[in-house]
Amino acid sequence: MQNRRNFIRRAAAMAAILGLDPARLFRASDEPQKNESLRNDPLFAGGHIISTWEGGLVANAEAWKTIAGGGYAIDAVEAGVRVIEADAEGGSVGIGGMPDRTGRVTLDTCIMDHTGNAGGVCFMEDIVHPISVARKVMDETPHVLLAGSGARDFAISQGFQTRDLTTPKSRAAYEKWLETQQYKPIINIENHDTIGLLAQDMEGRLSGACTTSGLAFKLRGRVGDSPIIGSGLYVDNEVGGATATGLGEAVMRTVGSFLVVELMRGGLSPQAACEEAVNRIVARMPVDQLQVGYLAMDNKGHAGAFAIHPGFNYARTLAGQTDLIDAAHAIE
Ligand code: SD4
């Protein structure tokens, strides 16, 4: 540990002498990954996007513009989820996101690229596009996750504007919730609040993004799975990527997205891996009031999705054609 600390200190000092950005020293290579065996695989099509829920349709359409233009998957995933963050009507992350039990909107977000670089923000307020702040954490700092007022201050230092993220609709929902103050973290198609989006570009580079305002009326300070690399999102270009939606606590307890990717590494298809990860939750905790959905793709153009209960769906774009697909589920 000490050796590593000394190494980092020495490397940072060296970077300063050479006039380099020290943040860049601690990251994996920025070179596009050229995976020749993948590109020679007859199944590899390139240009594949999947994202959670029906809102994914518009997110995929935006992400596809980057992919179709020959751009990087990391730019596509950021552009795609920004559409959802900016949608005030969606009741989703960003403007109009559901507040916590004190009436304030707090945001959980992360992003990961084809080289294993990652960035995230959690418990952050007042910024419309947390995904772009997460991208800045990844690109401009040696860190992976910034929280709360520190994340907000960092965003401001990077030129992001602040604004009140509540809307008349979200304030009305909060006022109504105050009448009973019941905390029922049931998540389904009517009240979901997250977008997880995975994309593979034409060069075979995989990236992912996950962004949310988390559970409606959550305890102040609660952070879910969505900004946690390995829980709400994980990408490994050698294997594939996965993202989660639903009750973050169940995902975090099983490190869900990392689990799905590791299961794929072990040979399972994206579908079988999502099923196994859901089954782990079902085996370990009471699930009658608990929804979790996983969505995954491998690096050869296959996708899979599975949820505990009915109602989870996802948007899939392959070679420019988009479909909305109902996920299979464990319990009727
Ligand atoms: C969370 N996983 O904060 C998120 C919520 C979610 O659809 O996915 N909603 O626990």
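**Cores, helix packing and loop residues in a predicted chain**

Val292 touches Thr245, Gly246, Leu247, Ala250, Val251, Val278, Ile281, Phe306, Ala307 and Ile308, leaving out residues up to four places away in sequence; contact means heavy atoms within 4.5 Å. A second, separate core of 19 residues includes Ile74, Ile111, Ile195 and Leu197. The largest nonpolar core has 44 residues, and Val292 is listed with Val260, Ile281, Leu290 and Tyr294 as having the most contacts inside it. A nonpolar core is a set of buried Ala, Val, Leu, Ile, Met, Phe, Trp, Tyr and Cys residues joined through side-chain atoms within 4.5 Å. Buried means under 20% relative accessible area, exposed over 50%, and partly exposed in between (1.4 Å probe, protein chains only).

The model is predicted: local features need pLDDT of at least 70, side-chain atom pairs count only at pLDDT 80 or more, and totals for chains, interfaces and linings use all residues. Residues are numbered from 1 along each chain as its sequence is written, and side-chain values use heavy atoms, with hydrogens and water left out.

The chain holds 11 helices and 13 strands. Helices (H or I, at least four residues) and strands (E, at least two) are DSSP runs, numbered from the N terminus. Of the 332 residues, 54% are buried. Among contacts between residues at least 6 apart in sequence, 66% join residues at least 24 apart.

Helix H5 (residues 73-85) packs with two other helices. Its axis and that of H4 (residues 56-68) come within 7 Å and cross at roughly 150 degrees. Axes are lines fitted to C-alpha atoms, for helices over the stretch in contact, and angles run from 0 to 180 degrees between N-to-C directions. H4 and H5 are therefore roughly antiparallel (angle over 145 degrees). The contact involves Val58, Ala59, Glu62, Ala63, Thr66 and Ile67 of H4. From H5 come Ala73, Asp75, Ala76, Ala79, Gly80, Val83 and Ile84. By class, nine of these residues are nonpolar, two polar and two charged. Ala, Val, Leu, Ile, Met, Phe, Trp, Tyr, Cys and Pro count as nonpolar, Asp, Glu, Lys and Arg as charged, and the others, Gly among them, as polar.

The axes of H5 and H6 (residues 130-140) come within 8 Å, again at roughly 150 degrees. This pair is therefore also roughly antiparallel. Ile74, Asp75, Glu78, Val81, Arg82 and Glu85 of H5 meet Pro130, Ile131, Ser132, Arg135 and Met138 of H6. Here the division is five nonpolar, one polar and five charged.

Ala250 sits in helix H9 (residues 248-253). Ala250 is buried, at 0% relative accessible area. Beyond its neighbours within four places, Ala250 contacts Ile281, Met285, Leu290 and Val292. Its C-alpha atom is 9.4 Å from that of Val287, 37 residues away along the chain.

Gly232 lies in the loop between strands E6 (206-212) and E7 (233-236). Its relative accessible area is 0%, so Gly232 is buried. Cys210, Asp225, Ser226, Ala242, Thr243, Ala244, Val251 and Ser257 touch Gly232, with residues up to four places away not counted. The C-alpha atoms of Gly232 and Cys110 are separated by 8.2 Å, across 122 residues of chain.

Most residues other than glycine have a negative phi. Phe217 has a positive phi, near 60 degrees. Phe217 is in the loop between E6 and E7 and is buried at 12% relative accessibility. Val255 also has a positive phi, near 45 degrees. Val255 occupies the loop between H9 and H10 (256-265) and is partly exposed, at 38%.

Technical notes: Angles under 35 degrees count as roughly parallel, over 145 as roughly antiparallel, 65 to 115 as roughly perpendicular and the rest as oblique.
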